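Me: Got a model open here. Can we go through the side chains and helix packing?

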Amino acid sequence: MNAVVVAVSLMLILSLSRMHVVIAIILGAMAGGLVGGLSLDDTIAAFNNGLGAGATVALSYATLGAFAVAIGKSGLAHTLADRALAMVGHEQASAGSHTRLKYTMLAALLLIAISSQNILPIHIAFIPLVVPPLLYVMARLRLDRRLVACVLTFGLITPYMLLPVGFGGIYLNQILLAQTADNGLATEGLSVMRAMALPALGMLIGLLVAVFLSYRGSRDYDEKAIVGKDAGHAVYSPRTLIVAIFAVGLAFAVQLWLGSMVLGALAGFLVFTLSGVVRWHEADDLFTEGMKMLAMIGFIMIAASGFAEVMRETGHIPSLVESSVDMIGASKGLAALLMLLVGLLITLGIGSSFSTIPIIAALYVPLALQLGFTPLAVLALVGTAGALGDAGSPASDSTLGPTAGLNADGQHNHIWDTVVPTFLHYNLPLLGFGWVAAMVL
């Protein structure tokens with residue numbers, strides 16, 4: 001049996017059974033290592049060696065959590081709630097007014113998420129800062145957070161799949177075009193946007209289904225449990241709000257300047273402390289509270305890095321690709337489907353579409369050309385196979401990021417409220433539209 005299939009399947013089954021994701025990842029990695037021929041000691045060593053790769057992201061989430069709590073302390077969360085709810089007249093507001101405000105908020109979050117991939121390339125760093133202050137508003141509007149997770153994940157993935165700027169420039173130009181060219185594809189003159197247009201359309205359809213069908217109804221949340229609810233009773237002033245806005249701006253600026261979410265969040269937290277919005281004697285407890293809030297996300301990222309390293313050590317990722325090649329025969333339709341499914345499985349396991357392309361391109365490109373796929377179809381096939389699984393993976397930052405913001409009050413389950421909704425609404429249409437693109441281009 002292939003170690004990757006065993007490891008990913010076990011991880012997903014345990015996660016869906018509501019076992020903690022970190023435990024599911026560790027058990028999946030151990031099982032995969034043993035099935036892959038590694039001894040228990042070698043499996044543990046590989047897992048430990050991979051842990052360091054996730055440490056930076058974990059520390060980033062911890063500091064961002066502290067920063068998010070400080071934002072709540074400033075009263076910004078309550079201010080946003082007051083202003084938003086004033087637009088619809090509190091309890092006397094009409095259903096139509098509530099609906100307009102819901103869609104306005106969703107549109108704003110979507111635009112911010114898209115901008116985080118290109119215009120202001122900060123990726124997921126904005127989520128723990130922007131989303132927690134809005135949870136109070138979402139609760140009052142009875143907005144289903146599963147819908148918000150789908151909106152954020154769409155904004156984090158689709159831009160890099162389609163637009164060759166920002167992170168899309170890295171994925172499409174530096175990885176997809178470069179790797180396919182290195183493996184024999186004539187990429188000169190090919191439009192990568194044209195190749196990925198149909199898969200991106202599949203993502204858009206998934207978003208529309210989530211917005212207008214799956215999660216259009218209301219969902220109740222406990223307002224008293226929301227992180228930042230204490231800020232609703234806090235005394236805030238124009239000064240504290242100005243400090244909060246300045247701190248957020250400084251955090252983004254420092255991250256862009258130094259390329260570090262950790263230092264950006266620390267800079268913002270220091271602004272709150274030095275300005276007196278967060279009292280000096282409260283700073284230690286508040287920082288600890290914020291770190292606890294997002295600690296789970298950090299541990300998942302660390303465990304996922306160990307999982308990925310075990311999978312690499314088994315050597316079964318290339319063999320999984322090769323075995324799919326052996327099953328194909330001369331059928332283009334079956335070839336396209338199997339290539340996409342293998343890409344889905346690999347990305348679900350390692351949690352990174354950017355890391356999947358180099359793994360699959362070496363065998364997919366020669367095979368696809370041999371079967372008669374056009375160069376544009378090869379681009380679409382490899383690009384979609386890499387992106388599949390980014391949405392819907394328990395270990396992907398495109399799902400962990402939304403959970404980090406939406407679960408700030410403990411009312412949003414990572415697996416059932418982020419992973420499963422994004423898997424169903426994005427991976428399934430992406431699989432279908434990617435297959436169509438490979439067959440018609």
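Me: Leu208 first. How accessible is Leu208?
Reply: Leu208 counts as partly exposed, because its relative accessibility is 40%. Buried means under 20% relative accessible area, exposed over 50%, and partly exposed in between, with a 1.4 Å probe and protein chains only. This is a predicted model: local features need pLDDT of at least 70, side-chain atom pairs count only at pLDDT 80 or more, and totals for chains, interfaces and linings use all residues. Numbering runs from 1 along each chain as its sequence is written, and side-chain values use heavy atoms, with hydrogens and water left out.

Me: Which helix is Leu208 in?
Reply: Leu208 is in helix α11. Helices here are DSSP runs (H or I, at least four residues), numbered from the N terminus.

Me: Which residues form the nonpolar patch on the surface?
Reply: Tyr103, Leu201, Leu204, Ile205, Leu208, Val209, Phe212 and Leu213. Together they have about 650 Å² of accessible area, by the Shrake-Rupley method with a 1.4 Å probe, where only the protein chains shown count as cover for residues. Patch members have over 30% relative accessible area and no salt bridge; nonpolar side chains (Val, Leu, Ile, Met, Phe, Trp, Tyr) are joined within 5 Å, like charges within 9 Å.

Me: What supplies the largest share of that patch?
Reply: Helix α11, residues 192-214, with seven residues.

Me: Switching to charges. How many salt bridges in the whole structure?
Reply: Six. The criterion is a side-chain nitrogen of Lys or Arg within 4 Å of a carboxyl oxygen of Asp or Glu.

Me: Which residues are linked in a network?
Reply: Asp144, Arg146, Arg219 and Asp417 are linked by salt bridges.

Me: Take Asp144 and Arg219. How far apart are the closest N and O atoms?
Reply: They are 3.7 Å apart. Asp144 sits in the loop between α8 (135-141) and α9 (145-162), and Arg219 in the loop between α11 and α12 (229-233), so the pair ties together parts 75 residues apart in sequence.

Me: And Asp417 with Arg219, what's the N to O distance?
Reply: 3.5 Å. This pair links distant parts of the chain, 198 residues apart, with Asp417 in helix α21 and Arg219 in the loop between α11 and α12.

Me: Is Asp144 buried or exposed?
Reply: Asp144 counts as buried, at 3% relative accessibility. Asp417 is buried too, at 8%. Arg219 is partly exposed, at 27%.

Me: Where do Glu309 and Arg312 lie?
Reply: Both are in helix α15 (residues 280-314), three residues apart, about one turn of the helix. Glu309 is partly exposed at 21%, and Arg312 is partly exposed at 44%.

Me: Backbone next. What phi does Arg142 have?
Reply: A positive one, about 60°, although Arg142 is not a glycine. Most residues other than glycine have a negative phi. Arg142 lies in the loop between α8 and α9.

Me: Last topic. At what angle do α20 and α21 pack?
Reply: About 140°, with the axes of α20 (residues 397-406) and α21 (residues 414-440) 10 Å apart. That makes α20 oblique to α21. Angles under 35 degrees count as roughly parallel, over 145 as roughly antiparallel, 65 to 115 as roughly perpendicular and the rest as oblique. Axes are lines fitted to C-alpha atoms, for helices over the stretch in contact, and angles run from 0 to 180 degrees between N-to-C directions.

How values were computed
Helix = DSSP H or I, 4+ residues; strand = E, 2+ residues; numbered from the N terminus.
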